[in-house]
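Me: I'm new to this one, could you walk me through it?
Reply: Gladly, let us look at it together.

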Amino acid sequence: MTSKAELYEDVRKQIVAVVTGETSHTARYATASCLLRETFGDRYFWTGFYVVDPAKKTELVVGPYQGTMGCLRIPFGKGVCGAAAATGKTQLVEDVHAYPGHIACDSRSNSEVVVPVFDSKGELAAVLDVDSTEFGAFDTEDQAGLEAICRDLLTV
């Protein structure tokens, strides 16, 4: 049986193979959200990106995703995605309903992991948001796998 770490490494390699040389960030985000959802199936209830709005540098705007409708905009510092954007650090939340200021884009989400995505200059470009209907669906192994994917996403 393939371990979770091996699945993340495999999907990371798939994403890199497809996006290397691609100049569109949208195409890169769409590819990553699709391949992650295909790899992890229903455990990944919502998988996608919130992109730093170039016109409003302290707001995230929904980007490519797989799943139910996402929130259109999230201010830095608000909710799990906004916290990841404001701090530049991954947010791993076992129970989103207990998270202060959580923004419920879909009430069926119960746990979440949000990883910052930096461009080749080291500037925040987006956050990867993955939600699950299960409580405690994500752990440090998920965090490490997603962080590796996000490190490569805009730099290859």
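Reply: A word on terms before we start: helices (H or I, at least four residues) and strands (E, at least two) are DSSP runs, numbered from the N terminus. This is a predicted model, in which local features need pLDDT of at least 70 and side-chain atom pairs count only at pLDDT 80 or more, while totals for chains, interfaces and linings use all residues. Residues are numbered from 1 along each chain as its sequence is written, and side-chain values use heavy atoms, with hydrogens and water left out.

Me: OK, in what order do the strands of the open sheet come?
Reply: The open sheet has six strands in the order 3-2-1-6-5-4, with antiparallel pairing, where two strands pair if DSSP finds at least two bridges between them. Strand 3 (73-75) and strand 4 are the edge strands, each pairing on one side only.

Me: And how many bridges join strand 5 to strand 6?
Reply: Eight bridges join these two antiparallel strands, and Phe118 has Leu124 in strand 6 as its bridge partner. Strand 5 and strand 6 form a hairpin with five residues between them, and Gly122 in the turn has a positive phi of about 85°.

Me: What about strand 5 and its other neighbour, strand 4?
Reply: Strand 4 (residues 91-93) pairs with strand 5 in the antiparallel sense over three bridges, and Leu92 stands opposite Val113 in strand 5.

Me: Is strand 5 largely enclosed or open, and why?
Reply: Strand 5 (residues 111-118) is largely enclosed by the rest of the structure, because seven of its eight residues are buried, buried meaning under 20% relative accessible area, with exposed over 50% and partly exposed in between (1.4 Å probe, protein chains only).

Me: Switching topic, how many cavities of 30 Å³ or more does the structure hold?
Reply: The structure holds one, a cavity being a set of points, on a 1 Å grid over the protein atoms alone, where a 1.4 Å probe fits but cannot get out.

Me: Which residues lie nearest its centre?
Reply: Ile103, Cys105, Glu112, Asp129 and Asp131 do, out of 20 lining residues, which are those with an atom within 4 Å of a point.

Me: And which element gives the most to that lining?
Reply: Helix 3 does, with three residues.

Note on methods: 1 Å grid on protein atoms, 1.4 Å probe; cavity = no way out; pocket = protein on both sides within 12 Å on 5 of 7 lines; lining within 4 Å. Points joined across faces, edges and corners; volume = space filled by probe spheres on them.
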